[in-house]
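Q: Can you walk me through this model? I would like to go from the chains down to the strands.

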Protein chains: 2
Amino acid sequence: MKKFDPKKEFIMSKTHNFGAGPCILPQIVFEQASKGVFDPDGGQFNGLSILEISHRSEAFVSIMEEARGLVRELLEVPDNYTVLFLQGGASLGFLINAMNMAGAHRKAGYINTGAWSTKAMKEAKVAGLEVIEIASSSDQNFNYIPKDFEVEELDFIHMTSNNTIFGTQFHDLPKVNVPLVCDMSSDIFSKKIDVSKFDLIYAGAQKNVGPAGATLYIVKNDCLNQSSLKPIPSYLDLNVHAGKDSMFNTPPVFSVYVSMLNLRHLKATGAVAEMEKVNNMKASELYAEIDRNSLFKGTAAKEDRSKMNVTFVLTDESKKEVWDKIWNDANIVGLKGHRSVGGYRASMYNALELESVEVLTKIMRDFEAQYQS
Amino acid sequence: MKKFDPKKEFIMSKTHNFGAGPCILPQIVFEQASKGVFDPDGGQFNGLSILEISHRSEAFVSIMEEARGLVRELLEVPDNYTVLFLQGGASLGFLINAMNMAGAHRKAGYINTGAWSTKAMKEAKVAGLEVIEIASSSDQNFNYIPKDFEVEELDFIHMTSNNTIFGTQFHDLPKVNVPLVCDMSSDIFSKKIDVSKFDLIYAGAQKNVGPAGATLYIVKNDCLNQSSLKPIPSYLDLNVHAGKDSMFNTPPVFSVYVSMLNLRHLKATGAVAEMEKVNNMKASELYAEIDRNSLFKGTAAKEDRSKMNVTFVLTDESKKEVWDKIWNDANIVGLKGHRSVGGYRASMYNALELESVEVLTKIMRDFEAQYQS
């Protein structure tokens with residue numbers, strides 16, 4: 001008789017979410033967040049839902065402060081930086097970064113690693129900056145990270161740390177002698193970073209931080225109120241938000257609350273160092289299988305492969321139907337590649353468990369075996 | 001023996017949230033929203049949380065479309081208008097409205113009814129418009145709605161339909177012959193409106209619509225792509241969002257989801273007409289008590305009194321401590337007035353039940369009786 005293994009049964013029956021969209025978080029965080037919204041046992045906020053308490057209440061101010069404090073602690077943010085949670089996603093961040101970081105030259109350099117950098121350049125231009133594309137990997141459909149560039153007189157250089165679509169990631173920071181601005185939406189909290197190397201980091205919450213609707217900014221205090229594009233509209237002015245402890249207007253209460261819960265969980269489970277270790281294991285395991293398996297091929301340059309978004313294609317497109325059935329049957333969702341690259345993309349944000357990667361590599365091996373028999 | 005009345009016991013023991021902050025919603029909506037985040041019975045979204053499904057998934061696209069459709073249906077939005085859910089609150093809306101509605105004159109008229117209008121004017125100026133304060137009630141600490149003004153050559157006139165701080169509300173629309181723009185954050189869905197009288201309506205969701213983090217825009221299609229301030233940054237351009245069915249970038253998924261649930265509930269319980277009836281009853285009852293009770297006095301001009309935010313003071317400040325204890329003991333929260341007005345403010349958004357108003361008026365009568373005995 002087959003021995004019943006509850007863990008294995010659970011793993012094989014649960015949904016493995018490899019999607020690139022917002023946001024996978026640990027189940028325990030979803031459970032806590034759910035109770036914050038409605039708790040049949042009475043609720044934590046004086047009987048009210050987290051959604052209905054005032055953002056000026058002691059309860060919410062303390063949530064906001066804990067969230068900002070956890071960002072500071074987990075990323076070892078130096079004291080001379082300010083941490084903010086705003087709205088608008090990285091799409092508004094493209095504009096906010098340009099408006100706040102504009103300096104005497106009104107000229108910025110962008111490292112173009114694909115869709116997100118391209119959008120960031122567009123908004124910087126509308127903001128009134130001269131935008132120099134100092135490096136680009138567009139010649140190879142953005143399948144690598146460009147590493148050589150000349151720096152002219154620039155107010156700042158902008159980079160996107162991880163490209164979700166093409167599956168590339170900076171593993172070393174570019175060497176620059178001007179302020180460095182980074183859109184870290186898709187890999188923040190996935191590995192240790194040295195915040196002091198950046199003047200401004202911004203990140204849509206919805207990958208590793210919390211639900212869509214909050215955007216994290218980590219800005220060096222020297223950069224506040226220094227823009228050459230003043231006056232900046234209030235909502236776009238990081239100095240305005242900094243002066244109000246990230247409560248200039250009603251914040252995205254629920255997204256900040258869940259981000260706080262998630263960062264609290266991250267801290268309790270080994271913080272960023274442990275997460276980086278697990279993420280390295282997940283990436284190693286999947287890339288090893290892609291490289292080993294004759295039916296698959298990675299699309300990004302090996303040295304620039306993303307540990308968050310693994311892009312790969314079938315070596316034989318005629319096997320697509322069979323393969324699609326196999327992973328669907330394994331309760332894997334979100335594996336379809338972005339239309340600009342095609343093929344497959346396994347997004348492996350923090351909350352994706354190693355077990356899910358094991359399920360994926362197992363069915364990849366099974367798939368190959370099926371054609372070797 | 002006293003007969004046990006479960007309903008009465010429940011009413012007297014529950015928390016009555018008269019707070020002005022975000023957002024009180026019906027308990028059933030909180031319960032549904034909570035299950036969307038985490039459902040021990042498996043969840044509705046293929047076993048996933050609403051927070052982790054892709055915003056491009058069929059499930060979420062259909063939530064967004066239902067939310068937009070319910071706005072359209074419940075407010076009888078004409079076909080030549082577009083409904084959008086963006087981020088940034090009314091604070092970003094102040095800027096978005098000015099940038100999108102700027103016309104040939106680059107000049108706009110603002111009816112100043114207090115804090116929110118003042119902020120709106122500030123952002124319009126930063127956007128590059130000449131701002132004319134065509135009317136203001138600042139001479140009386142904004143305790144009335146100014147009704148007379150001259151209209152020069154203006155691109156649009158801006159009004160705030162309800163002032164949460166001073167407790168005033170427009171009960172008749174100003175007669176204008178230029179496009180009318182309205183910040184309806186604090187009274188949208190509380191009463192029937194004629195959308196065709198406006199060119200642009202915007203509203204932070206966090207009073208009557210849903211949780212903080214989403215902002216509703218209802219814009220006449222003729223106003224899209226007509227700004228004299230082009231190019232507008234993408235996130236601030238309503239035409240960009242309209243062209244992408246409100247999915248230009250990752251939307252505030254949870255806030256839109258809960259807004260949809262709340263509007264669904266509103267529709268099922270009599271829609272806006274029924275809500276208006278209940279809101280009228282709540283306001284009548286509380287204002288009648290304020291006018292009748294010798295210990296209280298309303299602060300707003302009678303004809304301009306808000307049905308959403310009722311502002312009042314004690315006629316004898318020395319009774320403050322006693323009164324504060326009384327309402328605190330009655331499980332009333334959020335009754336403290338805004339610092340610009342002092343006294344008390346009873347915010348009575350849609351989800352505040354008539355019973356809560358009955359509790360408040362009852363303790364007001366008890367309080368008076370205590371001093372008459």
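The chat below goes through the model topic by topic.

Q: What should I know about numbering and cut-offs before starting?
A: Residues are numbered from 1 along each chain as its sequence is written, while chains are lettered from A and ligands numbered from 1 in the order in which they are written. This is a predicted model, where local features need pLDDT of at least 70 and side-chain atom pairs count only at pLDDT 80 or more, whereas totals for chains, interfaces and linings use all residues.

Q: OK, how many residues of chain A are in contact with chain B?
A: 52 residues of chain A are in contact with 52 residues of chain B (contact: C-beta atoms, placed from the backbone, within 7 Å).

Q: Which elements give two or more residues to that side of chain A?
A: Helices H2 (27–37), H4 (89–101), H5 (115–127) and H7 (253–268) of chain A. Helices here are DSSP runs of H or I with at least four residues, strands are runs of E with at least two, and both are numbered from the N terminus.

Q: And which gives the most?
A: H2(A), with five residues.

Q: What about residue classes there?
A: The side of chain A that touches chain B has 26 nonpolar, 22 polar and four charged residues. Nonpolar means Ala, Val, Leu, Ile, Met, Phe, Trp, Tyr, Cys and Pro, charged means Asp, Glu, Lys and Arg, and the others, Gly among them, are polar.

Q: Switching to domains: how is chain A divided?
A: Into domain 1 (34–268) and domain 2 (272–372), with bounds from an automatic or database domain assignment. Their C-alpha centres lie 28 Å apart.

Q: How many residues are in contact between the two domains?
A: 22 residues of domain 1 of chain A are in contact with 22 of domain 2 of chain A. On the domain 1 side, strands E6 (162–163) and E7 (168–169) of chain A each supply at least two residues. By class, that side has eight nonpolar, ten polar and four charged residues.

Q: Now the sheet. What is the strand order?
A: E2-E10-E9-E8-E5-E3-E4 in chain A, an open sheet of seven strands with mixed pairing (strands pair if DSSP finds at least two bridges between them). The edge strands are E2 and E4 (130–136) of chain A, each pairing on one side only.

Q: What does E10(A) pair with, and over how many bridges?
A: E10(A) is antiparallel to strand E2 (residues 81–86) of chain A over six bridges, and antiparallel to strand E9 (residues 200–204) of chain A over five bridges. Thr215(A) in E10(A) is the bridge partner of Leu86(A) and also of Gly204(A).

Q: Is E10(A) buried or exposed?
A: Five of the six residues of E10(A) (215–220) are buried, where buried means 20 or more other C-beta atoms, placed from the backbone, within 10 Å of a residue's own.

Technical notes:
Buried ≥ 20, exposed ≤ 12 C-beta atoms within 10 Å, placed from the backbone.
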